[in-house]
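Try each task before you read its solution.

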Amino acid sequence: MPDQSLPFIVSLKGGSNFRDLGGYRTADGRLVRRGTVFRSAHLGSLTNEDRSALSQLGVRTIVDLRGVSEAAETPHLVEGVSCRIVGAHIEPGVGDKIRGAVADGTASPHLMMQFLTDHYRDYPRRCAPGFRTLFATLSDGEHRPLVFHCTAGKDRTGFASALLLTLLGVPWETVMEDYLRTNELWTGHVGRYPELDIDTRAAIIEARTPYLEAAFEVVRGDFGTPEDFAEKALGIGADLRERLKRDLLEG
C-alpha cells in the first residue's frame with residue numbers, strides 16, 4: 001500500500017506541487033534523505049511568506065527545466081532567497097501541438113494522449129542536455145539543498161524525479177506513486193482549457209502512468225537500463241552514482 005504520509009509537501013501560497021523527494025525507502029531498506037532535493041511547479045508567483053519558507057529550507061540552488069521563452073514569461077520571484085538559478089532548458093514542443101489542435105478543433109482525448117506520450121519518449125532521446133545539466137548540478141553537494149522545476153512540475157520534472165529515485169534504488173511502484181501525486185498537488189491547471197471537454201482536458205493536465213512508462217521504455221530500449229542511460233546520455237557513471245547514493249541515502 002502507498003504511504004499516504006509521503007511525499008513531504010511544502011505548502012506555498014503562490015506555488016504548488018512543491019515537495020521533498022526524501023523519505024522514500026529503497027529496495028535495500030535505506031531512506032532517501034530529507035531536506036536535500038525538492039521538486040516543484042514554477043516559482044513565478046511566490047509570496048513573501050513562500051520566499052521565507054524557501055530560505056528556511058536552506059535552498060541553495062534552483063534548476064529551471066522550462067524552455068527559454070517559458071522562463072522569460074514567468075521569471076522566478078525569489079528576491080531575498082540566497083540561491084543560485086541554473087537554466088537547464090528543455091523546450092516544451094508539445095505545447096505548440098496542443099494549442100494547434102485546440103485552435104483547429106481536432107483536440108480529442110486520444111490525440112492529446114498521443115501528443116503527451118510522444119513528448120515523454122523525446123525526453124531520453126532529444127532532451128538529454130537539459131537533464132544532464134540538472135544531474136551535474138545536483139551531483140555537486142555544494143548546490144544542495146536544491147529544487148528543480150518546470151512549469152507544472154509534472155512532465156519534465158516528473159521524468160527527472162523518476163530517474164533520480166530509480167538511480168537511488170527506489171522501487172518502480174513507489175516511483176510511479178510519487179509521479180502520480182502531481183494529480184493531487186498541482187493547482188496551476190485550474191481555469192486552463194475551459195473550451196475542451198473534460199476527457200480531452202484531463203489527458204493534457206494529468207500525470208498518467210502510460211506517459212512515464214513510455215519514457216522509460218525508450219530508456220530501456222535505446223540504452224539498456226536507467227543506469228546505462230545515466231552514464232551514456234548524462235555522464236553519470238558508476239562512481240558518481242555511488243556518490244549520489246552516499247549523499248542522498250541514509251540508513
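**Exercise 1: an aromatic contact**

Task: find out whether Phe131 and Phe159 are buried or exposed, then classify their ring pair.

Solution. Step one: Phe131 and Phe159 are both buried, where buried means under 20% relative accessible area and exposed over 50%, with a 1.4 Å probe and protein chains only. This is a predicted model, in which local features need pLDDT of at least 70, side-chain atom pairs count only at pLDDT 80 or more, and totals for chains, interfaces and linings use all residues. Residues are numbered from 1 along each chain as its sequence is written, and side-chain values use heavy atoms, leaving out hydrogens and water.

Step two: rings of Phe, Tyr and Trp (its six-membered ring) pair if their centres lie within 6.5 Å; planes under 30 degrees apart are stacked, over 60 edge-to-face, the rest tilted. Phe131 and Phe159 sit 5.1 Å centre to centre with 65° between the planes, an edge-to-face pair.

Step three: Phe131 belongs to helix H5 (residues 128–138) and Phe159 to helix H6 (residues 156–168), 28 residues apart; helices are DSSP runs of H or I with at least four residues, numbered from the N terminus.

**Exercise 2: a second partner**

Task: why is the pair of Tyr123 and Phe131 edge-to-face?

Solution. Step one: a search of the whole structure gives 11 aromatic pairs. Step two: the ring centres of Tyr123 and Phe131 are 5.7 Å apart and the planes stand at 80°, so this pair is edge-to-face. Step three: Tyr123 is buried, as is Phe131. Step four: ring pairs join these residues into a cluster, whose members include Tyr123, Phe131, Phe159 and Trp172.

Definitions and conventions:
Helices (H or I, at least four residues) and strands (E, at least two) are DSSP runs, numbered from the N terminus.
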